[in-house]
Each structure stands twice: as C-alpha cells, then as structure tokens.
Amino acid sequence: AQVGVVIVGAGPAGLVLGNLLLDRGIDCVILERRDRAAVEGRARAGFLAPRAVRILTGNGLAAGLLARGQTHTACLFRSDRGEFTLDYGKLGPGEPHTVYPQQELVRDLIDAYLRRGGRIRFGVEAEEITDGRVRVRGGTDVTGRYVAGCDGHRGIGRATLTAHGTRTARWDHGVSWLAVLAAAPPSLPATGYALHERGFAGHMARTASVTRYYLQCPRGTDPADWSEDRIWTELATRMRTAEFGPLREGAVLEKARVDLRSDVLESLGTGRLWLAGDAAGLISPSAAKGANLAVVQAESLARALAEALAHGDEAPLARHAGACLPRIWHAHEFSQWMSTLLHGPDGDDDTARYGRALQYARLESLRTLRSHQDFFAENYTGI
Ligand code: FAS
C-alpha cells in the first residue's frame with residue numbers, strides 16, 4: 001500500500017515534518033535506523049532561534065521547550081584584550097535564543113508524533129530510494145507518493161540526489177573542535193567565546209547541570225588523547241581563568257571531534273524525492289544553525305508537500321526550494337563570518353600575522369560599533 005510521504009530519518013527535520021504532515025491529514029511513516037533510546041539520547045544542538053521556536057509553538061510542539069528551555073539574551077567574548085558582553089537581546093531585532101538540548105526536543109517530537117497517531121519504525125534502515133519506493137534492509141519496501149530524505153549529511157537521501165547529478169557546493173573551514181559535554185553547571189552567565197593564540201574555546205550552557213565546551217584542535221585529533229585533566233587545564237588557559245575566575249569542573253560525559261565543514265546541495269529535491277535538514281546541507285556548528293535550519297526547512301517542506309498532494313502538481317515544491325535556498329545561504333554566510341572571527345590562522349608567518357590582525361580588528365568592531373553589533377544580533381538569532 002502506498003502512503004502519502006515516506007520520511008527517512010527521525011532527527012529534528014524528519015520529526016517536525018512528520019508532525020506537520022499528520023496535522024494536515026497526510027498519511028506518513030518515518031523509517032529510523034537506530035532504536036528509540038539511541039535517537040533520544042544523542043546530545044547535539046542546544047540553541048533554538050526565535051523562528052524555530054515560533055514554528056514549534058505554532059504547531060503545538062513546544063510544551064517541553066517552553067517549560068524547561070532557558071532564555072538567553074547575551075553572549076560574551078574573551079581575548080587578550082579583555083572581556084566584553086553583547087546583549088544581543090537588546091540589539092538588532094532584539095530577539096533571544098532558547099537553550100533546550102536537541103535530544104529533549106527529539107523526545108518531545110517523537111511523543112507528539114505518536115500521540116497524533118504517527119508511525120515510526122525504529123531499527124529500520126532505508127537502503128535505496130527509487131522513484132517513491134524505499135527499499136528497507138532485510139524488510140519489506142515502503143512506497144510513498146513522495147519520499148522525504150531527512151537522514152542527515154551521510155544519508156542515502158542526499159546520495160540518491162547527487163547520484164542523479166545534483167551538485168554540491170562545499171567548504172572546509174580547516175578547523176576541528178573537540179566537542180565536550182561536562183556534568184558541570186555553567187561557569188559563565190552566558191555563552192562564552194574565547195579567542196586565544198592556542199585556539200578557540202567555547203562555553204555553552206545546555207542545562208543547569210550540563211555544559212557544552214568546545215576546544216579548537218588540529219584535524220585528526222583523537223579525543224582519547226584528551227584526558228579530563230588536559231581538557232580542564234586547556235579550557236582554563238584559553239578562557240583566561242587566572243584573569244576572569246575559575247571554571248566549574250565536572251566529569252566529562254562525552255568528547256567527540258567535529259571537523260568544521262559546510263556544504264549545500266544546489267537543489268533540495270526533484271520529482272518524488274525532497275530533502276530537509278543536514279541531508280540538504282551541513283552547516284558548521286560555529287553559529288549554532290544546523291538544528292534550526294532543519295526545523296525551518298521541515299515546516300516549509302510540509303506545506304509544499306501538502307499542496308502538491310492536494311493539487312497533484314509539483315509547483316509548490318519548486319517554490320519551496322526557491323524560497324529555502326537563499327535562507328540556507330544566508331545562514332552559511334554568517335556561519336562563515338563567525339568561524340573567521342573565532343578561529344585565528346595557525347603559525348606565525350606573515351600571512352598568519354595578517355590573518356590574526358584581521359580577526360582582532362573584527363572583534364574590536366564588534367566591541368565598539370553599534371552597526372556591527374546590530375548585524376551580529378540579527379544574524380546570530382536569525383534564520
Ligand atoms: P540528524 O542527523 O539529526 O538526523 C538524521 C536521522 O536519520 C538520524 O537519526 C539517523 O539515525 C537517521 N538515518 C540516517 N540514515 C538512515 C537510513 N539509511 N535509514 C533510516 N534512518 C537513517 N546544530 C546546532 O544548531 N547547534 C549546535 O550546537 C550543534 N552542535 C552539534 C554538535 C555535534 C557534535 C554534532 C554532530 C552536530 C551538531 N549540530 C548542531 C548539528 C546538528 O544538530 C544537526 O544540524 C541536526 O541534528 C540536523 O537534524 P536532521 O537534519 O534531522 O539530521
């Protein structure tokens with residue numbers, strides 16, 4: 001039997017899409033290769049932009065984040081020139097971020113989807129997508145009028161599109177982060193970005209008792225080489241604790257290397273296969289946009305699929321791609337701006353010295369110029 005839409009992947013993109021399609025009376029099924037506990041336990045993003053919060057709130061999917069999310073309106077920058085705070089909630093459009101761990105949001109979205117009578121098949125891996133038919137590893141195929149590839153940047157949704165000629169624009173920021181999750185309360189009153197000649201360090205609260213830290217590290221770094229002691233010592237150095245006060249330490253729950261790379265598919269879909277989220281484009285975490293882009297794209301795709309199914313034409317889907325791509329590129333442009341602000345060049349040759357001077361000039365403009373602060377606020381919370 002054919003369903004309206006087969007969704008591959010139960011991350012933020014697939015789950016928001018599934019909930020919004022059900023709300024429009026469209027029969028869909030989500031295929032997720034991992035089990036429910038694994039999907040609900042994967043700590044990743046934590047920053048929700050106002051537009052993503054509005055979409056979730058407007059579709060009855062925000063009870064958890066409104067009850068347990070924390071509102072953030074400021075961030076701070078540290079360097080060898082001192083520390084300054086940017087009250088982005090009072091700059092530019094004057095909007096806040098909501099800090100709510102992605103795995104909590106995924107849990108809420110799965111509950112809501114099942115409550116709406118949605119079907120998710122956990123532990124089911126899609127192997128091939130051919131014109132609406134999804135071949136399932138070791139199981140029965142599933143056919144949909146449409147297939148939504150929400151299976152991340154290494155998924156078969158993207159692989160299928162690119163195999164049929166869709167080009168990918170890609171950028172390697174040449175930087176890696178050691179992404180650490182610590183069982184420790186936040187050490188700073190806000191998200192902190194520390195620029196240091198040894199490399200960038202970041203501090204992002206996730207909950208009252210868990211904090212995310214990032215340490216810029218060389219490509220190929222093995223997280224196993226970073227003991228708990230070495231992590232806290234390096235964080236103390238780069239966050240200049242001698243000058244600004246100690247960090248609140250705790251057990252390291254997770255450490256993983258994230259290579260900062262970005263890419264965008266030059267088409268979000270064709271015919272019966274359409275992508276949303278990381279499947280459509282991977283954005284470096286430097287500006288915390290990935291999960292937000294996933295939510296915004298899923299909402300737009302849900303509307304386009306509903307129209308296409310109702311009127312039997314693909315024009316709404318082409319309009320969806322046309323509207324989404326400029327928004328994706330806008331987010332990538334800011335993410336690139338942020339990455340060059342946070343990460344100075346390696347080495348000490350003339351080129352590195354020039355690059356580092358530019359980095360500090362950009363930081364100084366951000367500290368002193370209202371126009372730069374408004375630009376930052378608008379892009380930091382915008383999507
Ligand atoms: P996801 O990757 O979340 O979900 C894809 C799903 O598809 C997965 O559950 C996978 O199991 C499933 N799947 C894949 N192939 C399949 C197949 N063949 N069959 C069935 N299922 C399949 N973003 C931010 O905005 N802020 C951050 O601070 C941030 N930090 C991050 C830190 C780390 C360490 C990482 C890795 C990412 C981070 N991101 C961050 C980005 C991240 O949040 C993504 O943008 C977000 O998960 C994208 O959501 P989806 O597109 O739904 O993809």
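**Briefing: ligand shell, cavity, pocket and sheets**

Helix H1 (12-23), strand E2 (28-32) and helix H9 (290-311) each give at least two residues to the shell around the ligand. Helices (H or I, at least four residues) and strands (E, at least two) are DSSP runs, numbered from the N terminus. This is a predicted model, in which local features need pLDDT of at least 70 and side-chain atom pairs count only at pLDDT 80 or more, while totals for chains, interfaces and linings use all residues. Residues are numbered from 1 along each chain as its sequence is written, and side-chain values use heavy atoms, with hydrogens and water left out.

**Ligand**

- There are 31 residues around the ligand, and Ala13, Glu32, Arg44, Gln102 and Asp278 come nearest; a residue is near a molecule if one of its heavy atoms lies within 4 Å of it.
- H9 supplies the largest share of this shell, with three residues.
- By class, the shell holds 14 nonpolar, seven polar and ten charged residues. Ala, Val, Leu, Ile, Met, Phe, Trp, Tyr, Cys and Pro count as nonpolar, Asp, Glu, Lys and Arg as charged, and the others, Gly among them, as polar.
- A polar backbone atom of arginine 33 is 3.1 Å from a nitrogen atom of the ligand, and a polar backbone atom of alanine 126 is 3.0 Å from a nitrogen atom of the ligand.
- An oxygen atom of the ligand is 3.0 Å from a polar backbone atom of glycine 290.
- The protein buries 91% of the 1,000 Å² that the ligand exposes when taken alone; accessible areas come from the Shrake-Rupley method with a 1.4 Å probe.

**Cavity**

- Rolling a probe the size of a water molecule over the atoms shows where empty space is left.
- One cavity of 30 Å³ or more is found in a search of the whole structure. On a 1 Å grid over the protein atoms alone, a cavity is a set of points where a 1.4 Å probe fits but cannot get out, and lining residues have an atom within 4 Å of a point.
- The largest cavity holds about 40 Å³ of space, where a volume is the space filled by probe spheres set on the points.
- Its lining consists of Ala45, Gly46, Phe47, Leu48, Tyr100, Gln102, Leu105 and Ala291.
- Strand E3 (47-48) and helix H5 (102-115) each supply at least two of the lining residues.
- Six residues of this lining are nonpolar and two are polar, with no charged residues.

**Second largest pocket**

- The second largest pocket has a volume of about 610 Å³; a pocket is an open set of points with protein on both sides within 12 Å along at least five of seven lines.
- It is lined by 31 residues, of which Val175, Gln216, His343, Gly344 and Pro345 are the closest to its centre.
- Two or more lining residues come from each of strand E12 (168-183), strand E15 (211-217), helix H10 (315-342) and helix H11 (350-368).
- H11 gives the largest share of this lining, seven residues.
- The lining of this pocket divides into ten nonpolar, 14 polar and seven charged residues.

**Sheets**

- Strands of a sheet pair through backbone hydrogen bonds, either parallel or antiparallel. Here two strands pair if DSSP finds at least two bridges between them.
- E3 and strand E7 (residues 97-99) run antiparallel and are joined by two bridges, and leucine 48 stands opposite threonine 98 in E7.
- Another open sheet has eight strands in the order E6-E5-E13-E14-E15-E12-E16-E19, and its pairing is mixed. Its edge strands are strand E6 (82-86) and strand E19 (281-282).
- E12 and strand E16 (residues 251-265) run antiparallel, joined by 14 bridges, and valine 180 stands opposite lysine 255 in E16.

Key
Polar contact = N/O pair within 3.5 Å; in protein donor to acceptor, adjacent residues only side chain to side chain.
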